[in-house]
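These are my notebook entries on a structure that I looked up residue by residue. The sequence and model are placed below for reference.

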Amino acid sequence: DSGSVTASPRQQDTEYLCPVQIGSPAQTLPLDFDTGSSDLWVFSTDTPRSEVNGQTVYDASSSSSAKRLSGATWKISYGDGSSSSGIVYLDTVTVGGLTVSRQAVEAAKQVSSSFSRDTSSSGLLGLAFSSINTVSPNQQKTFFDNAMPHLDAPLFTADLKHNADGRYNFGYIDKSAYTGSISYTPVDNSQGFWGFTATVDGTDVTGIADTGTTLIYLPDSIVTSYYSQVSGARYDSSNAGYIFPCGSSMPDFSFNVGGGGGGGGTVTVPGSYVNFAPTDQTGQTCFGGLQSDSSIGISIFGDIALKAAFVVFDGGNKQLGWAAK
Ligand SMILES: CC(C)(C)S(=O)(=O)N[C@@H](Cc1ccccc1)C(=O)N[C@@H](Cc1c[nH]c[nH+]1)C(=O)N[C@@H](CC1CCCCC1)C(O)(O)C(F)(F)C(=O)NCCN1CCOCC1
């Protein structure tokens, strides 16, 4: 089996949403595919009306294939402080033509305000490792884990784009989606993430490939040296990040994956991607897409990096592949 689904950017590439079919007859919800977490959770008819703000909701009672997973609950909190929790159904989930019949669909009974405010997203589809799924007492598998044994190849690929529709494919590598060769590097999933090591300016950086995080967060030394090339760039505590004049022409940012001698491949993030967004309506000052990881505790290669590459999340061989495009 295989699947292929469009990933549409929202609000200047802050997140990418994909249509997911749940239940019988199918209910289609736009979900944020997130390789940084492992819960598939949705706004539902169980979510308080006061917390629903235009989002499409899942109604288990109108799905003939829905079955309550009795006694199961879930509760998750994310790096940006947002959180949600609720109950669990097993139901049919289809992504780009690929169907999993008994997928844990986590219905929200509570969502934090940032989720209520994000009117375009109906929830998340976690694509990290099932070891960090939050369902209790019996941990549940991700959509990818459930699908993997049926896939032509035990992998999915992320092809996110700047201000344009991209694609997630499951079970195959689309050779027309990238240029040159794919450089592979081993994945450390001990924390449940797609962890890997890249080289930036000769320095090894261990981080995670995270489609659910908008920006790139790397060690201070690397970030400081990058912005030292941009006149007027400075760390601004009120914005809690590096800012610079919006008219600045930003240097490209490159990292090497699968190095080791002459090998490996280089991913180049165009400087224009690092000019992320204005900090206010005047459009004078802009906020950088590359920020320090010091307040996070882990380096994150988020959407700004991922949309500069074609990325293979290989669950069968526990490796990450990166290619230019
Ligand atoms: C809001 C913003 C200024 C544009 S942003 O740059 O902060 N973007 C948010 C994502 C977003 C976009 C649009 C609207 C709302 C929220 C962002 O990048 N959030 C990161 C920030 C971060 C990470 N680390 C520290 N800070 C995050 O929490 N990402 C998680 C997914 C998000 C959650 C909010 C809704 C959108 C998706 C994440 O899953 O990628 C994660 F990996 F960061 C994370 O928190 N994973 C949870 C891991 N736990 C471990 C224990 O077991 C349970 C799972």
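Which residues are closest to the ligand? I found 23 residues around the ligand, with Asp 34, Gly 36, Gly 79, Asp 210 and Thr 214 the closest; a residue counts as near if one of its heavy atoms lies within 4 Å.

I noted that this is a predicted model, in which local features need pLDDT of at least 70 and side-chain atom pairs pLDDT 80 or more, while totals for chains, interfaces and linings use all residues. Numbering starts from 1 along each chain as its sequence is written, and side-chain values use heavy atoms, with hydrogens and water left out.

Ligand entry. I looked up polar contacts (pairs of N or O atoms within 3.5 Å). A polar side-chain atom of Asp 34 lies 2.5 Å from a ligand oxygen atom. For Thr 214, a polar side-chain atom is 2.8 Å from a ligand nitrogen atom. The ligand exposes 960 Å² when taken alone, and the protein buries 75% of that (Shrake-Rupley method, 1.4 Å probe).

Core entry. I then examined the largest nonpolar core, which has 75 residues; such a core is a set of buried Ala, Val, Leu, Ile, Met, Phe, Trp, Tyr and Cys residues joined through side-chain atoms within 4.5 Å. Buried means under 20% relative accessible area (1.4 Å probe, protein chains only). Among the members touching the most others are Phe 33, Phe 170 and Phe 255. Apart from this core lies another, of 15 residues, including Trp 74 and Ile 76.

Gly 265 entry. I recorded Gly 265 as buried, at 17% relative accessible area. Beyond neighbours within four places in sequence, Gly 265 is in contact (heavy atoms within 4.5 Å) with Ser 183, Phe 255, Asn 256 and Val 257.

Key: Buried < 20%, exposed > 50% of the residue type's maximum accessible area, 1.4 Å probe, protein only. Polar contact = N/O pair within 3.5 Å; in protein donor to acceptor, adjacent residues only side chain to side chain.
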